[in-house]
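Let's take a walk through this model together, beginning with a few local details and then stepping back to view whole chains. Keep the viewer open as you read.

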Amino acid sequence: MTTLLLLAPIAAPLLGALLYLGARWRPATRWASATGAALMLGAASTLAVDVATAGPRTALGGLLRADALTAFMLVVIGAVGLLATAATPAYLRAEIDAGRANPRTATRHSVLVQLFLAAMALAVLAANLGVLWVAVEATTIVTAFLVGQRRTRHAVEAAWKYVVICSTGIALALLGTFLLNYAAQHAPGTPGLDLAALTQHAAGLDPGVTRIAIALLIIGFGTKAGLAPLHAWLPDAHSQAPAPVSALMSGVLLAVAFYAVLRVKVIADVVLGTGFARALLLVMALVSVLLAASLLLAQRDYKRMLAYSSIEHLALVAFGAAVGGPLAYAAILLHILGHGLVKGVLFLAAGRILQTEATSRIDAVRGLAARQPLIAGCLGLGVLALIGLPPFSAFASELGIARTGFAGGLGWATAAVLAVVVVIAAALLGHTSRMLLGTAREGPGAAPAPRPIPATLGLTLVTGLIASAALGLTAGPLATLLHLAADTLTGMS
Amino acid sequence: MSDTVFVQLLDLACGALLLTAVLILWRRELTVIIRVFAIQGLALAVLVAVLAAHERSAELGAVAAGIAVLRAGALPYLLRRALAGHGEVRRETRPLVNVASSLLAAAILTMLAYAVSQPLIALAPSPATQAIPVGLTVALIGFFVLVTRRRALSQLVGFLLMDNGITTVGFLTTAGTGLAVELGVSLDVLLVVLVLQILTTRMRETFGDADLDELRELRDS
């Protein structure tokens with residue numbers, strides 16, 4: 001039973017991929033990917049209840065392991081995955097109608113997205129750092145073709161940068177993995193690369209070797225999480241990928257990569273004390289958030305705007321991780337889920353705007369509120385949620401991160417981050433209000449006539465926003481899971 | 001195998017790794033670079049074979065054979081096939097750093113690698129771990145090639161050089177990374193190269209050339 005429960009989140013999307021390979025993309029199979037994601041979310045919820053009552057579970061001879069943190073990440077992947085896949089049929093339909101896609105590319109899109117979900121589920125379920133590494137790198141390979149799907153000059157360029165930079169970053173993480181393994185071989189108990197055993201025997205690891213290994217691992221996985229200094233792939237890949245894929249990349253892929261950083265940090269904190277990983281993450285977070293702010297101020301492309309906002313939010317998560325402690329960890333995990341939902345909604349809305357307005361320039365989209373009120377409303381509310389206004393969950397999580405930051409002796413850094421976050425909020429509001437308000441351009445070259453929004457897309461967007469608001473009011477049954485996961489990260493369980 | 005022969009063979013293989021890395025940094029003709037890269041793959045396979053003979057491990061021996069096939073055969077073949085479509089332009093014409101400075105950088109990177117690896121050697125001194133700086137140097141030179149070259153194919157070679165260096169460190173630090181992870185890593189390199197090869201082809205279809213100078217449209221200014 002446990003084996004089945006741990007395998008289900010990986011197996012459901014894999015079966016979906018097989019189905020699309022066999023039966024292709026057609027009206028009858030349109031909803032298979034959303035069904036797969038729903039199954040994943042169901043399995044994740046069951047697993048969450050299970051590990052919350054009975055503790056960590058292992059399967060397949062110790063290859064897969066699920067604790068509260070794993071279950072929480074699976075909930076995030078399932079929820080954002082469901083959001084993105086539920087909006088996919090409407091997106092693909094519009095692409096095919098516009099002649100930018102055909103049933104063949106739609107099939108390939110569906111197969112790759114399913115493999116993408118399976119790889120992310122494997123990454124969080126892996127008990128072994130080596131397998132975790134392989135799964136994170138596998139996400140790069142399956143998404144490369146999704147980023148370059150439109151085959152335009154820009155899309156191919158973005159895909160090239162994405163593969164080269166992410167593979168390079170992840171190669172650094174591989175070197176770190178080898179070195180950590182080397183340290184583990186010469187430690188009492190020879191824990192190998194098993195994450196639970198490594199945490200248990202961490203006190204015996206050689207500090208000199210572990211320090212190099214941890215630095216490489218944090219920078220390497222940090223690359224994939226969109227943190228400076230190797231963040232350059234992110235705005236290109238996020239802006240060129242099809243909308244549902246951008247939603248998944250921004251909402252969950254960054255979080256899954258950061259999950260690897262969190263797992264490594266637990267080991268680092270035991271071997272090297274909390275100072276080392278904290279300093280590294282603090283520098284990466286501050287540089288990333290400053291970079292995001294400076295590039296957001298004069299941003300002219302709304303998809304890139306959302307991409308830079310993702311860098312900002314991951315930087316906030318990294319900052320929370322640098323602060324450390326159970327409350328900060330609970331806050332960043334809540335932030336990851338809230339950001340995933342809202343960014344998913346925003347990228348899906350942006351994808352629809354790109355389809356109807358045929359431009360991704362902010363100044364070319366005017367008076368959206370008058371022409372497409374539902375999409376404009378979702379975009380506006382989404383941006384409000386993104387900058388952390390109540391009742392949305394980013395308010396609660398950012399407040400939590402700030403409070404623990406001031407309490408944890410990082411007052412100056414917290415104040416600096418908060419100041420930059422305010423600047424970013426102003427920039428986002430300014431850009432969005434220019435898109436939503438005003439009157440549409442007249443005359444030749446004016447935006448094409450508005451089309452009604454597909455019902456499924458509208459439903460998905462509204463559901464995502466409601467979920468985010470509900471999460472901000474009460475974490476509900478997730479609260480227990482959040483605190484258990486935070487305890488895992490502090491090494492308390 | 002006696003210990004002296006083991007150490008000599010080990011040093012020989014490591015010397016070949018380092019020399020080929022510097023040669024790749026030095027030469028501009030892409031055909032030559034690919035040939036040197038194949039030789040380096042062979043040197044890596046020999047290194048693993050020597051370690052296998054020393055530890056009398058059949059599993060490691062099989063891994064050595066696999067490395068020879070992948071890194072001295074399949075990857076150079078894929079690179080050559082990507083080059084075949086290039087037409088006239090077969091030289092790295094405009095690297096960001098000239099040859100003399102590149103070689104100087106290689107010397108500095110070597111010293112850096114030796115300095116960084118001190119704790120690694122100190123943990124378990126042995127002939128194998130003494131060679132770790134060589135692996136690190138190859139990885140650093142690969143990273144340098146990656147960031148200073150502009151041709152898609154040269155960048156690809158830089159990435160693969162880095163990967164060779166990292167694999168070398170992996171085998172020198174410990175032979176027991178686990179066959180599953182090793183298999184995953186090899187498969188991954190192969191897949192990355194295939195993906196990038198498909199992208200170079202697409203790039204050529206859309207741009208008419210695989211020059212990364214053309215890849216300057218996506219940016220914020």
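How covered is A:A358, buried or exposed? Its relative accessibility is 63%, and since anything over 50% is called exposed, A:A358 counts as exposed. Do bear in mind, here and below, that you are looking at a predicted model.

A second residue with a positive phi is A:L60, at about 55°, and A:L60 is not a glycine either. You will find A:L60 in the loop between β1 (57–59) and β2 (64–66) of chain A. With a relative accessibility of 45%, A:L60 counts as partly exposed.

Now turn to the peptide bonds. The one joining A:A228 and A:P229 is cis, with omega at about 5°. A:P229 belongs to the loop that runs between α8 (207–224) and α9 (233–240) of chain A. Another cis peptide bond leads from A:P390 to A:P391, and its omega is near 10°. Here too the proline is in a loop: A:P391 lies between α15 (373–386) and α16 (393–407) of chain A.

Why is A:W160 classed as buried? Its relative accessible area is 2%, and the class takes in everything under 20%. A:W160 and A:W233 are 73 residues apart along the chain, yet their C-alpha atoms are separated by 9.1 Å.

Stepping back, chain A as a whole contains 19 helices and two strands. Its C-alpha trace spans about 75 × 55 × 40 Å along the principal axes. What does the radius of gyration say about chain A? For 493 residues, a compact globule would come out near 23 Å, and the 21 Å of chain A agrees with that. Of those 493 residues, 64% count as buried. Among contacts between residues at least 6 apart in sequence, 80% join residues at least 24 apart.

Chain A carries 30 positive and 17 negative charges, whose mean positions are 8 Å apart.

The UniProt record, an unreviewed entry, annotates residues 126–419 of chain A as "domain: NADH:quinone oxidoreductase/Mrp antiporter transmembrane". In the model this span is 80% helix and 0% strand, and its end C-alpha atoms lie 38 Å apart.

Chain B comes next, with nine helices and zero strands. Of its 221 residues, 53% count as buried. Residues 24 or more positions apart make up 75% of the chain B contacts that have a separation of 6 or more. Chain B exposes about 9,100 Å², with carbon and sulfur atoms supplying 65% of it.

For chain B, the unreviewed UniProt entry gives the annotation "transmembrane region" to several stretches, including residues 6–26 and 156–173. How do these two look in the model? Residues 6–26 of chain B are 100% helix and 0% strand, and their end C-alpha atoms are 30 Å apart. Residues 156–173 of chain B are likewise 100% helix and 0% strand, with 26 Å between the end C-alpha atoms.

Technical notes:
Residues numbered from 1 in each chain as written. Chains lettered and ligands numbered in written order. Predicted model: local features only at pLDDT ≥ 70, side-chain atom pairs only at ≥ 80, totals over all residues. Heavy atoms only, no water. UniProt positions renumbered as here; feature names shortened; annotations may be inferred. Helix = DSSP H or I, 4+ residues; strand = E, 2+ residues; numbered from the N terminus. Rg over C-alpha atoms; globule rule 2.2 N^0.38 Å. Buried < 20%, exposed > 50% of the residue type's maximum accessible area, 1.4 Å probe, protein only. Contact = heavy atoms within 4.5 Å. Lys, Arg positive; Asp, Glu negative; His and termini not counted. Charge placed at Lys NZ, Arg CZ, Asp CG, Glu CD. Areas by Shrake-Rupley, 256 points an atom, 1.4 Å probe, with all protein chains shown as cover.
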